[in-house]
Amino acid sequence: MSKDQQHDTPDVDALARSMLLVHGAHDDEHAAPRPADDRRRKPSVRDPQRSPALREATQRDRDRYLNSGLQPIDCRFCHVSVLVKKLGPEHTSVQWNSDAAQRCAYFAEVRESGGQTARSRSCPKLADSIDHAIAEGILERMSTAPSPGDG
Ligand SMILES: [Zn+2]
């Protein structure tokens, strides 16, 4: 057994030496294109420091993208929550779920008076709440479509 170990030790040394040689040869081989390598390496050195924040931002962007910019807005009068997406300064898309449509006081009124809620695009009281959300910066415009003037 000890014989084997004695055999192993020189083998490991030899291996280490050969690795060093390979490493050295490797270095010499790449002596010429090295500046280019360094240039390529620099960003990747900075990446580990940047990636956590970058990952967070990316995750936020992804969440926002997955939700297609939809943000929950509460109708301050009906106390229902609907998903609102701001498409432009005066253009919002409101996504009603059936629960909100059932509970909205305005829609209830329309139903009671025999009207069709399908013909009313949105509760005017909710529209006020949306206006407030926009004014207060709660509802942000989608950043995925930058204005042409940005370039
Ligand atoms: Zn409402």
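Reader: Let's start with the metal. Which protein atoms are the donors of the zinc ion?

Author: Keep in mind that the model is predicted. The donors here are the SG atoms of Cys 78, Cys 104 and Cys 123, and they lie 2.1 to 2.6 Å from the zinc ion. Water is not among the atoms, so a site may look incomplete.

Reader: What spacing do the donors follow along the chain?

Author: The pattern is C-x25-C-x18-C. Cys 78 sits in the loop between strand E1 (71–74) and strand E2 (81–88), while Cys 123 sits in the loop between helix H4 (105–112) and helix H5 (124–135), so this pair ties together parts that are 45 residues apart in sequence.

Reader: Are those cysteines buried or exposed?

Author: For this you need the cut-off: buried means under 20% relative accessible area. Cys 78 has 10%, so that residue is buried. Cys 104 is at 0% and counts as buried too. Cys 123 is also buried.

Reader: With cysteines around, how many disulfides are there?

Author: The rule asks for a pair of cysteine sulfur atoms within 2.5 Å. By that rule, the count is zero.

Reader: On to helices. Why do residues three or four places apart point the same way?

Author: An α-helix has 3.6 residues a turn, so residues with that separation point the same way. Now look at H5, where Leu 126, Ser 129, Ile 130 and Ala 133 are buried. They cover an arc of only 100° around the axis, which puts them on the same side of H5.

Reader: What covers the buried residues of H5?

Author: The cover includes E1, E2 and strand E3 (91–95).

Reader: How many residues does H5 have, and what is its reach?

Author: H5 has 12 residues and spans 16 Å from its first C-alpha to its last, close to the 16 Å expected at 1.5 Å a residue. Just after H5 comes Gly 137, with a positive phi of about 75°.

Reader: Can we zoom in on one residue of H5? What does the side chain of Ser 129 reach?

Author: Ser 129 belongs to helix H5, and at 3% relative accessibility this serine counts as buried. Its side chain reaches the backbone nitrogen of Arg 76 at 3.0 Å.

Reader: Which residues is Ser 129 in contact with, leaving aside its neighbours within four places in sequence?

Author: They are Ile 73, Asp 74, Cys 75, Arg 76 and Phe 77.

Terms used
Residues are numbered from 1 along each chain as its sequence is written. This is a predicted model: local features need pLDDT of at least 70, side-chain atom pairs count only at pLDDT 80 or more; totals for chains, interfaces and linings use all residues. Side-chain values use heavy atoms; hydrogens and water are left out. Donors are N, O and S atoms within 2.8 Å of the metal (3.2 Å for Na, K and Ca); water is not among the atoms, so sites may look incomplete. Helices (H or I, at least four residues) and strands (E, at least two) are DSSP runs, numbered from the N terminus. Buried means under 20% relative accessible area, exposed over 50%, partly exposed in between (1.4 Å probe, protein chains only). The expected span of a helix is 1.5 Å times one less than its number of residues. The arc is that of the directions from the helix axis to the C-beta atoms. Contact means heavy atoms within 4.5 Å. A polar contact is a pair of N or O atoms within 3.5 Å; within protein, one must be able to donate a hydrogen and the other to accept it, and residues adjacent in sequence count only if both atoms are side-chain atoms.
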